[in-house]
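User: I have just opened this entry and would like to go through it with you. Could you take my questions one at a time?

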Amino acid sequence: MDFDLTDSQRAMKDALRGFLLKECPIEYVRQCDEAERYPSELFAKLAAQGWLGLPIPEAYGGTGGSCTDLAVFLEELATHFEAAANIYYTTIVIAADALSHFGSEAQKRDLLPRLARGEIRFAFSLSEPNSGSDAASLRTRAVRRGDEWAIDGQKMFCSCAQVADYILLMARTNADAPKHDGISMILLDPKAPGVEIRRLKKLGLKPMDLNEIFLADVRVPVERVVGEVDRGWRNVLKTLDYERCCLSAVNVGAARSCLDKALAYTKEREQFGQKISQFQLTRAKLADMEMEIDAARLLLYRSAALVDRGIPNNKESAIANLYSSEAYVRAALNGMRLMGGWGYLMEFDMQRHYRDSKLAEIGGGTSEILRIVISREMLR
Ligand SMILES: Cc1cc2nc3c(=O)[nH]c(=O)nc-3n(C[C@H](O)[C@H](O)[C@H](O)COP(=O)(O)OP(=O)(O)OC[C@H]3O[C@@H](n4cnc5c(N)ncnc54)[C@H](O)[C@@H]3O)c2cc1C
């Protein structure tokens, strides 16, 4: 496999880096983190430059980028501002993928061009209080009443619901069907009567809001189902490998940012009359970080290449996600160690990585679930 970037991917990466150095300085990242607010200015500028259309087909107003293009984009964005990369994935990529593959022609024509222009945002709501890793056991019910679905239930852990114009809501539309059947993906208007969204306080990724959603007799027109009624679990499975690949790109970029900051710090800080970068134990940590990030990036590109070629990649994408998430958590921890007490201060950026990194081991499947996926494929 050839992991060299193409000329156009290299040009895209350089252009994005130039844009982010100008429009997304570290002070802006810190402000959004401290104020726990959605980076609306950055997303408006990304939209104006056409960057939001990358995962959207050209026929619907996007630029039709490949999964590898998206990996390059997300890695670079995460290197500058990890939460923004997670928000980009959540509010744009999941919907672009689901609508492109399963949406009706009317849904694609209505929603995808607006998504590419930055006029609308999405959230994705699968998890519930009693169904996390065992997501298919969800209980939120949608019952057909004439031309509408009547939805009742409770959703948990929905990122970006506060800023979303639509929520891709997974609900049980057939209570008698087996667990993985009878689930549908429904386009929910978060402002519809009967929807209540409550923000949850959390450890990191502060600019990306996290919510629980209460649904009481919420009415949605029947044509708002994405894909086939009762076959929505297929949408989720289709999205998973792609999701794991995208999240790996975010992990690699964010881990790279930890290493860059740790390197700069150890070249400046002096103890015992020399730069701490001269100590062999410091160098061992830096070497471990470099090695693991390098390996994670290669696993990411392999998984993206498989997605682009349409080759089954369940195991490879799970490996990339698992390895890159654990590499990122270790990079943040080693970054903290290398900065001693200074890393513990809020005025330095390493603490943000330390807080943000933990979600990498949860989203897209916990580390335990990813190990189950990998071993299941091995034992087939
Ligand atoms: C910040 C944040 C953002 C999120 N955003 C979204 C979102 O936008 N949309 C959405 O739908 N969800 C979202 N989630 C939910 C996320 O997908 C779930 O938290 C995750 O799937 C785990 O589910 P759980 O938290 O209920 O843990 P549980 O499933 O209860 O797991 C608890 C522990 O048990 C382990 N475990 C579970 N099953 C097994 C098993 N079979 N074998 C071994 N160990 C097992 C797990 O690995 C874990 O260690 C988000 C979560 C967070 C924290």
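User: Let us start with R355. Which helix is it found in?

Analyst: R355 is found in helix α10. Please note that this is a predicted model.

User: Is R355 buried or exposed?

Analyst: R355 counts as buried, because its relative accessibility is 14% and the cut-off for buried is under 20%.

User: Which side chain does R355 have a polar contact with?

Analyst: The side chain of R355 is joined to that of Q351 by a polar contact of 2.9 Å.

User: Now the ligand. How many residues surround it?

Analyst: The ligand is surrounded by 16 residues. The closest are S127, S133, F157, T366 and E368.

User: How much of the ligand does the protein bury?

Analyst: The protein buries 61% of the 980 Å² that the ligand exposes when taken alone.

User: Which elements give two or more residues to the shell?

Analyst: They are β1 (122–125), β3 (148–159) and α11 (367–378).

User: What is the make-up of the shell by class?

Analyst: The shell around the ligand has nine nonpolar residues, six polar residues and one charged residue.

User: Changing topic: how many salt bridges does the structure hold?

Analyst: The structure holds 29 salt bridges. One of them is formed by D349 and R30, whose closest N and O atoms are 2.7 Å apart.

User: Where in the chain are D349 and R30?

Analyst: They belong to distant parts of the chain, 319 residues apart. D349 is in the loop between α9 (314–338) and α10 (350–357), and R30 is in helix α2 (residues 26–35).

User: Are those two residues buried or exposed?

Analyst: D349 counts as buried, at 10% relative accessibility. R30 is partly exposed, with a relative accessible area of 29%.

User: What about the salt bridge of E75?

Analyst: E75 forms a salt bridge with R297, and their closest N and O atoms are 2.9 Å apart. E75 is buried, with a relative accessible area of 2%, and R297 counts as buried at 19% relative accessibility.

User: What is the state of R234 and E228?

Analyst: R234 is partly exposed, with a relative accessible area of 38%. E228 counts as partly exposed too, at 44% relative accessibility. The two form a salt bridge, the closest N and O atoms being 3.3 Å apart.

User: Which residues are linked in a network of salt bridges?

Analyst: K13, R17 and E76 are linked in such a network.

User: Next, S324. Where is it, and what does its side chain contact?

Analyst: S324 has its place in helix α9. Its side chain makes a polar contact of 3.0 Å with the side chain of N251. A polar atom of the S324 side chain also lies 2.7 Å from the backbone oxygen of A320. S324 is buried, with a relative accessible area of 1%.

User: One last topic: which residues have a positive phi although they are not glycine?

Analyst: C160 and D217 are among them. For C160 the phi is about 70°, and for D217 it is about 50°. As background, most residues other than glycine have a negative phi.

User: Where do C160 and D217 lie?

Analyst: C160 lies in the loop between β3 and β4 (166–172) and is buried, with a relative accessible area of 1%. D217 lies in strand β7 (residues 210–221) and counts as partly exposed, at 40% relative accessibility.

Key: Residues are numbered from 1 along each chain as its sequence is written. This is a predicted model: local features need pLDDT of at least 70, side-chain atom pairs count only at pLDDT 80 or more; totals for chains, interfaces and linings use all residues. Side-chain values use heavy atoms; hydrogens and water are left out. A residue is near a molecule or strand if one of its heavy atoms lies within 4 Å of it. Accessible areas come from the Shrake-Rupley method with a 1.4 Å probe; for residues, only the protein chains shown count as cover. Helices (H or I, at least four residues) and strands (E, at least two) are DSSP runs, numbered from the N terminus. Ala, Val, Leu, Ile, Met, Phe, Trp, Tyr, Cys and Pro count as nonpolar, Asp, Glu, Lys and Arg as charged, and the others, Gly among them, as polar. A salt bridge is a side-chain nitrogen of Lys or Arg within 4 Å of a carboxyl oxygen of Asp or Glu. Buried means under 20% relative accessible area, exposed over 50%, partly exposed in between (1.4 Å probe, protein chains only). A polar contact is a pair of N or O atoms within 3.5 Å; within protein, one must be able to donate a hydrogen and the other to accept it, and residues adjacent in sequence count only if both atoms are side-chain atoms.
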